Amino acid sequence: MEDINSWTCPKCGHTGNKGQFCGTCGSSRPQSDGWTCPKCGKEGNKGHFCAVCGTPEPSGDMSKTQVMPNVQQQPIQQPLQQQPIQQPIQQPLQQPFQAQAAQQSTSPKPIIIGVVAAAAVIAFGAFIYFRFMAPQPAAHEAVVQKTEEQAPQDTSTQTPAPSQQGEAQQAGTQAMQVMILYHQRITARDYRGAYDLCTSSMQNTLGDFNRWKSGFTRTISSEAQDIHVTLAKPDHVEVTYTLVATDATANGTKVSRFHSTATLVKSGDRWLISTVKNKAL
């Protein structure tokens, strides 16, 4: 391979000259157009970088000065090995990785995951213990505990039991039938039967039977309409109804209406009328 640093003498034609003078005739080395690369010796470079190795163009007229090969590499390599050139490149690259490492080290995710995993293990262990290993209470103990929890604290505000509701409903029905029968007996002129449907205190209020009976001499009919139970207990019932009374007059018949309220009480196996209040409509 031909040495790129050798030159041919333009005067005697001797080739392979290495220095500044021809080895045969001593003629000076001709000046080349351009500059010579101090690193690889390429002559005739026109730009700012060597066409062979890319070395930057040196400051000053380096093409006219012969530089020794061992000295030629020193100025080029030192700037590449100096610390000030590497620091601006390495330091910005290291900082993001250091920040990322710091962020990962302080991230709470591993701690949270560990706590959740520990809680799940504890919950699973507790489920296994109470489901399969914990001693179960005796059957009668469980029944007693359940009864105590369900026992009402205040029975005064509780809804009556189904049996009590049935008794109250039956009592209300029987009391309404007695009130209807009372007025049916008056219409049928069975005054004694109607009088006997009243309690002794009610009879005392009505007065003597014959005197009470005389008050119905003009009565044609007495009827309880739209009767409703307003209060029903096994031994006490209150009802409201519309009393329609038809009486004979000199000019024909007269129909009167009253808003009536009656109270009935249980006496043995019978229902008796204890009070009656009539208000004309």
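## Nonpolar core

A nonpolar core is a set of buried Ala, Val, Leu, Ile, Met, Phe, Trp, Tyr and Cys residues joined through side-chain atoms within 4.5 Å, where buried means under 20% relative accessible area with a 1.4 Å probe and protein chains only. This is a predicted model, in which local features need pLDDT of at least 70 and side-chain atom pairs count only at pLDDT 80 or more, while totals for chains, interfaces and linings use all residues. Residues are numbered from 1 along each chain as its sequence is written, and side-chain values use heavy atoms, with hydrogens and water left out.

The largest nonpolar core holds 26 residues, and Met179, Tyr182, Trp212, Val239, Tyr241 and Leu264 have the most contacts inside it. Two or more residues each come from α6 (162-187), α7 (191-195), α9 (209-214), β1 (219-233), β2 (236-249), β3 (252-267) and β4 (270-280); helices (H or I, at least four residues) and strands (E, at least two) are DSSP runs numbered from the N terminus. The most is given by α6, with 7 residues.

## Contacts of Tyr182

Beyond its neighbours within four places in sequence, Tyr182 is in contact (heavy atoms within 4.5 Å) with Ala194, Leu197, Cys198, Trp212 and Ile273.

## Strand pairing

Strands pair if DSSP finds at least two bridges between them. Antiparallel β2 and β3 are joined by 14 bridges, and a hairpin connects β2 to β3 through 2 residues. Val237 has Leu264 of β3 as its bridge partner.

Between β3 and β4, also antiparallel, there are 10 bridges. Val265 is bridged to Leu272 in β4. The β3–β4 hairpin has 2 residues between its strands, and Gly268 in the turn has a positive phi of about 70°.

Definitions and conventions:
Buried means under 20% relative accessible area, exposed over 50%, partly exposed in between (1.4 Å probe, protein chains only).
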